[in-house]
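Please consider the sequence and the model shown below.

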Amino acid sequence: MKKNDVSRRHFVGGAAAALGTLAIAPELASARDREAAARGIRRVPGGAPMLRMFDEVEEYDALAHLSSNENPFGPSDKALEAMNYAFKYSMRYGYPDNDVHEKIAAAHGVDRDQLLMGAGSGEILEVVGLTYLGHGKKVIGVEPSYGSVYRHASGIDADTVLLPLEDDHRQNIQRMVDATNRNYRDVGFVYVCNPNNPTGVCITADEIAYLLDNIPEDVPVLIDEAYHHFVEDPEYEESIKYVTEGRKVIIARTFSKIYGMAAMRIGFAIAPPDMIQEMSAYSTGSVNALARWGGVAAMEDVEAQQKMLAHNKHWREQTRADLASLGFESIPSQTNFFMVNLGREVAPVRRAFRERLVAVGRDFPPMLDHLRVSIGTEEEMGRFMNAFEDILKTPVMSSRGG
Ligand SMILES: Cc1ncc(COP(=O)(O)O)c(C=O)c1O
């Protein structure tokens with residue numbers, strides 16, 4: 001379906017709705033009403049203007065969603081079943097919650113007091129900021145990375161020390177160590193996203209060890225492992241062991257990616273008990289009943305995870321190969337997204353995708369000529385490739401000089 005079709009349908013729908021409203025007494029319709037109707041706002045007699053949501057919802061549903069690194073299949077059947085069951089607790093406080101804390105702690109080999117739950121790992125990242133960035137402290141990290149950490153830091157008047165990626169898109173750990181040591185007194189925490197979003201590139205186990213061994217022991221290190229399930233690189237390792245060793249390390253995890261529960265808002269931190277206590281002061285810990293029940297079921301549904309991993313790898317590599325055959329290089333990725341080098345500014349290209357009802361990743365300065373593409377369903381990847389050829393073939397080939 002083309003964007004134009006949808007727009008026209010919306011226009012007709014909007015006009016019909018407007019006429020429906022106006023038909024009651026057309027001569028009474030004021031210019032304001034007509035203008036409101038044209039914008040899709042319907043006046044309800046005696047009530048407040050009601051915004052018509054349908055245009056937006058229809059357009060959202062028609063999109064190929066390749067912009068936010070979600071699981072295109074959503075929660076597994078078992079997770080859905082658990083969430084359906086949990087509806088019966090919707091009106092309760094203090095309801096049975098499927099022992100979500102105990103089960104997450106056990107699944108990760110940590111104690112209950114080493115765990116903090118949040119409404120998505122986004123909340124956890126903010127809580128880390130609120131806890132460790134007071135009094136003008138700095139966060140050290142690379143750019144581009146998961147920018148919400150830096151945006152939040154700026155929002156609470158903390159500073160960011162942002163280091164460039166290497167030419168091969170790796171994070172330069174030596175530079176991170178140097179920057180941390182140089183700013184030691186002012187460092188609130190070091191942020192490492194592993195694997196990194198938006199590049200999909202990992203930091204190796206040895207590099208993480210080097211980082212931790214070469215910065216002062218009292219500097220907290222936040223390791224964001226949102227995409228760890230997808231990693232196959234044998235040199236990569238999850239970092240929970242540093243928490244059990246008592247290092248000042250916080251691991252952030254989410255149910256939004258492999259478990260397909262982004263809209264349910266559930267994530268957690270694993271950290272030493274004293275850090276969990278410090279952070280608890282800034283956290284609501286408010287995770288809803290459906291997310292708790294669904295989260296446990298999703299975590300235990302290994303078969304669904306394996307299915308997602310196989311699908312993800314197949315379509316990531318297939319799409320990268322298709323792009324390579326058109327002459328576009330992409331960065332090898334260990335995640336459910338990858339970046340393709342367009343050789344030109346991404347923003348207008350992204351808008352062209354959107355007109356074709358394909359949503360792709362946002363700007364990631366300074367990599368403004370790289371487009372981040374999430375792995376969707378087979379159908380969505382087909383739509384992406386069709387749109388890609390349509391948008392990029394002619395102009396880019398000529399701008400590259402053939
Ligand atoms: C690296 C990284 N960390 C954290 C998040 C936040 O995820 P959520 O708040 O949905 O758990 C995301 C979401 O895209 C992410 O990419």
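What percentage of the residues in the chain is buried? In this predicted model, buried residues account for 41% of the 402 residues. The secondary structure of the chain comprises 15 helices and 13 strands.

On the α4 side, the contact is formed by K78, A79, E81, A82, M83, Y85 and A86, which meet A289, L290, W293, G294, V296, A297 and A298 of α12. The residues of this contact are divided by class into 11 nonpolar, 2 charged and 1 polar.

Helix α5 also meets α12. Here the axes come within 10 Å and cross at roughly 25°. An angle under 35 degrees counts as roughly parallel, and therefore α5 is described as roughly parallel to α12. The crossing of α5 and α12 is left-handed. In this contact V100, K103, I104 and A107 of α5 meet R292, G295, V296 and M299 of α12. The contact of α5 with α12 has 5 nonpolar, 2 charged and 1 polar residues. V296 is named in the contact with α4 and again in the contact with α5.

The loop between α4 (77-86) and α5 (100-107) holds D97. Is D97 buried or exposed? D97 counts as buried because it has 20 C-beta neighbours inside 10 Å. Beyond its neighbours within four places in sequence, D97 is in contact with A289 and R292. D97 and A289 are 192 residues apart along the chain, yet their C-alpha atoms are separated by 6.5 Å. A289 is also one of the α12 residues that meet α4, and R292 is one of those that meet α5.

D99 is placed in the loop between α4 and α5 as well. D99 counts as exposed, because it has 12 C-beta neighbours inside 10 Å. Its phi is near 50°, a positive value in a residue other than glycine. Most residues other than glycine have a negative phi, and most peptide bonds are trans. A positive phi, of about 55°, is found also at H135, which is not a glycine. H135 lies in the loop between α6 (121-132) and β5, and with 8 C-beta neighbours inside 10 Å it counts as exposed.

The peptide bonds complete the picture. From E143 to P144 the peptide bond is cis, with omega near 5°, and P144 is located in the loop between β5 (138-143) and α7 (148-155). The bond from N194 to P195 is also cis, with omega near 0°. P195 is found in the loop that runs between β7 (187-193) and α9 (205-214).

Conventions: Residues are numbered from 1 along each chain as its sequence is written. This is a predicted model: local features need pLDDT of at least 70, side-chain atom pairs count only at pLDDT 80 or more; totals for chains, interfaces and linings use all residues. Helices (H or I, at least four residues) and strands (E, at least two) are DSSP runs, numbered from the N terminus. Two residues are in contact if their C-beta atoms, placed from the backbone, lie within 7 Å. Ala, Val, Leu, Ile, Met, Phe, Trp, Tyr, Cys and Pro count as nonpolar, Asp, Glu, Lys and Arg as charged, and the others, Gly among them, as polar. Axes are lines fitted to C-alpha atoms, for helices over the stretch in contact, and angles run from 0 to 180 degrees between N-to-C directions. Angles under 35 degrees count as roughly parallel, over 145 as roughly antiparallel, 65 to 115 as roughly perpendicular and the rest as oblique. A crossing is left-handed if the near helix is turned anticlockwise from the far one by less than a right angle, and right-handed if clockwise.
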